[in-house]
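Take a look at the sequence and the model, and then we can walk through a few spots together.

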Amino acid sequence: MKDFWGISSATERRLNRLGIHSIKELALSSVEMLWKEFGVLGEEIHQHANGIDYSRISDVYIPSSRSFGKSQILSRPYTNRKEVELLLLELLDDVCFRLRMHQVVAQTIQLSISYSKQTGGGFSRQKKMGRASNLSQDIFPYCLSILHTYDSGMPIRSIGISLSNIKQIFKGKQRA
């Protein structure tokens, strides 16, 4: 039964304790009893066992949380921070281009840095901007602020940036 939607191993054990060992038995069970035992899930698995599904496939799923990002494992450990800043700007340009293609802006920046295997460690920090944007020139100063605040100066082997807190742009305006 656990291969059926909504039924985990634990749910299957609880159903078994109620004397329900098959989907057919589930379909013929009392909705009230299932509701008492499982709440709304009881009603949903009963409906599903009877072939009833009220979800609309035409409904577009819009995730509540969405982000755009890019990361890169570097070909060698980078110690020159000006080179790191240039790489960061290149990654950011790619991510901002994707934001513009989707007609969205982002307000939260996450920067992740991993140091070389010899030194180990790294950091991942985020910062919220005063206003959402999809332009590198608006976002890059925040990236630099994170980098300069948390970087220990060790050789960097990977770098990643993620932009989240996404808002859709409608006719020049933002909408959450």
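Which residues does R81 touch, not counting residues up to four places away in sequence? This is a predicted model, and in it R81 touches Y115, D151, G153, M154 and I156. R81 belongs to helix α5, which covers residues 81–101. Its relative accessible area is 17%, and because buried means under 20%, R81 counts as buried.

Now let us move to H21. This residue sits in the loop between α1 (9–17) and α2 (23–28). Leaving out residues up to four places away in sequence, H21 touches M1 and N16. With N16, the H21 side chain makes a polar contact, side chain to side chain, at 3.2 Å. H21 and V95 are 74 residues apart in sequence, and their C-alpha atoms are 51 Å apart in space.

| Pair | Atoms involved | Distance |
|---|---|---|
| H21 and N16 | side chain to side chain | 3.2 Å |

Finally, here is a helix pair. The axes of α1 and α3 (residues 31–38) come within 12 Å and cross at roughly 130°, so the two helices are oblique to each other. Their crossing is right-handed. Where they meet, T11, R14 and L15 come from α1, and L34, E37 and F38 from α3. These contact residues divide into 3 nonpolar, 1 polar and 2 charged.

Methods
Residues are numbered from 1 along each chain as its sequence is written. This is a predicted model: local features need pLDDT of at least 70, side-chain atom pairs count only at pLDDT 80 or more; totals for chains, interfaces and linings use all residues. Side-chain values use heavy atoms; hydrogens and water are left out. Helices (H or I, at least four residues) and strands (E, at least two) are DSSP runs, numbered from the N terminus. Contact means heavy atoms within 4.5 Å. A polar contact is a pair of N or O atoms within 3.5 Å; within protein, one must be able to donate a hydrogen and the other to accept it, and residues adjacent in sequence count only if both atoms are side-chain atoms. Buried means under 20% relative accessible area, exposed over 50%, partly exposed in between (1.4 Å probe, protein chains only). Axes are lines fitted to C-alpha atoms, for helices over the stretch in contact, and angles run from 0 to 180 degrees between N-to-C directions. Angles under 35 degrees count as roughly parallel, over 145 as roughly antiparallel, 65 to 115 as roughly perpendicular and the rest as oblique. A crossing is left-handed if the near helix is turned anticlockwise from the far one by less than a right angle, and right-handed if clockwise. Ala, Val, Leu, Ile, Met, Phe, Trp, Tyr, Cys and Pro count as nonpolar, Asp, Glu, Lys and Arg as charged, and the others, Gly among them, as polar.
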